[in-house]
Amino acid sequence: MKSQFNDSSITVAVVGCGGFVGSHLLDAILARTQWRVFGVDLDFYRIQHRLRDERCEFMVADLADKSVVERIAKYPVVVNLAAICTPSRYMAEAPEVIRSNYDHPASLADACAKSGSWLIHFSTSEVYGRTSADAGLLVEDETPLTFGPVTASRWSYATAKLLTERYIAGLKNLKWTVVRPFNFVGPYMDFMPGVDGSGIPRVLANFSSALVRGEPLKLVNGGVAKRSFTSVFDAVDFMFALFEAGLAGNSVENDAGKSPFSQAFNVGNPDNEVTIAELAYKMRRIFAEIKCVDVESIPGPETVSGEEYYGEGYDDSMRRLPSVEKAERLLGFKAQTPIDVVLRESLTWFVGHYSNTSHPGTDSASS
Ligand code: UGA
């Protein structure tokens with residue numbers, strides 16, 4: 001174990017510790033380090049098993065509360081995963097989406113600049129905006145960021161997230177790193193509509209729910225958009241590569257002269273790029289294998305229009321292919337898990353978890 005991971009004097013604040021990514025990160029911090037965790041969220045159902053852990057302190061709160069923000073910024077490392085990040089809400093609740101994704105993180109950034117904490121802020125691959133079907137690799141410090149018109153409220157979230165990135169990068173005394181997740185998937189992602197959340201979750205949870213219910217998978221606008229799906233466990237490994245680099249000697253330049261500070265990193269897996277239609281057929285096949293049934297007995301996908309499905313103002317990124325060169329060069333990190341492995345693991349979990357559908361919890365407001 002690296003010496004910084006053995007240092008029991010370190011406490012990491014994790015805002016959104018009860019969310020999909022936060023819950024996996026919390027488990028990994030407790031398993032791989034001697035650190036303590038100060039966890040903040042509104043919903044803790046994914047981390048019930050950690051609530052009595054003596055290395056953890058939890059607070060039921062969000063960043064709207066200034067006193068909570070000051071408290072979080074006392075810790076040397078602050079990871080902010082809190083966000084409203086389900087596309088179905090970007091149109092219906094644009095002002096709330098903007099407040100939660102700009103106002104709140106900006107006030108946390110101010111507090112971290114004042115206290116000297118290292119802020120690791122989770123942004124989004126959606127900052128690359130309305131990418132076309134022939135968009136190439138998306139490169140952190142090169143690719144232009146182009147959004148759709150203001151009437152397409154789909155971009156409310158990306159606009160707020162990008163403004164937060166710019167705010168963070170503009171703060172003079174802030175030690176910061178921005179993470180841009182590319183479609184993280186795995187166990188505990190989102191929710192099952194009508195069981196532990198309402199509305200439309202992201203595609204993995206939505207397709208999993210349809211498969212479990214024996215309903216057709218809905219392909220928005222034919223399912224021609226492409227995404228690169230990344231295992232949440234690879235994402236957690238990225239965080240450890242980042243922690244290691246950032247805490248090495250606790251200086252602005254780490255030993256190898258490769259600073260992880262003042263950088264935005266894509267975290268994704270370009271080897272796992274598929275169209276959404278391909279994803280649907282893969283998930284249908286894997287589900288049939290898990291259930292030991294003939295794939296033809298499972299309803300096939302059907303097409304629906306974006307506006308009909310999500311509401312007025314829906315728009316889409318047609319391709320999101322991450323360049324991962326920077327994470328490899330500065331942190332020695334590369335995602336490893338192939339898409340079929342991630343999907344099998346996620347679907348197996350989903351089928352087991354929701355076989356008894358009376359689970360507590362709500363749709364989480366954390367990444
Ligand atoms: C969302 C968030 O907005 C991003 O910020 C976030 O980074 C990203 O998820 C992520 O998980 O990393 P998006 O990729 O559009 O962005 O999220 P999904 O709702 O999972 O949709 C992916 C694609 O599948 C879209 O083209 C969508 O139209 C389509 N889709 C979704 C379907 O065809 N059927 C569904 O039932 C759901």
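Author: What follows goes from the overall fold to one strand and its neighbours.

Reader: What kind of model is it?
Author: The model is predicted, with local features needing pLDDT of at least 70 and side-chain atom pairs counting only at pLDDT 80 or more, while totals for chains, interfaces and linings use all residues. Residues are numbered from 1 along each chain as its sequence is written, and side-chain values use heavy atoms, leaving out hydrogens and water.

Reader: How many helices and strands are there?
Author: The protein has 12 helices and 14 strands, where helices (H or I, at least four residues) and strands (E, at least two) are DSSP runs numbered from the N terminus.

Reader: And β5, is that buried or exposed?
Author: Strand β5, residues 118-122, has 5 of its 5 residues buried, buried meaning under 20% relative accessible area with a 1.4 Å probe, protein chains only. Trp118, Ile120 and Phe122 point one way, whereas Leu119 and His121 point the other way.

Reader: Which strands does β5 pair with?
Author: Strand β4 (residues 77-80) runs parallel to β5 and is joined to it by 4 bridges, with Val77 standing opposite Trp118; pairing requires at least two DSSP bridges between the strands. Strand β6 (residues 175-181) is also parallel to β5, through 5 bridges, and there Lys175 stands opposite Trp118.

Reader: How does the chain get from β5 to β6?
Author: The chain passes through helix α6, residues 156-170, in a right-handed β-α-β crossover, that is, clockwise from the first strand over the helix to the second when the strands point away from the viewer.

Reader: Changing topic, what does the C-alpha trace span?
Author: Along its principal axes, the C-alpha trace spans about 55 × 45 × 40 Å.

Methods:
Buried means under 20% relative accessible area, exposed over 50%, partly exposed in between (1.4 Å probe, protein chains only).
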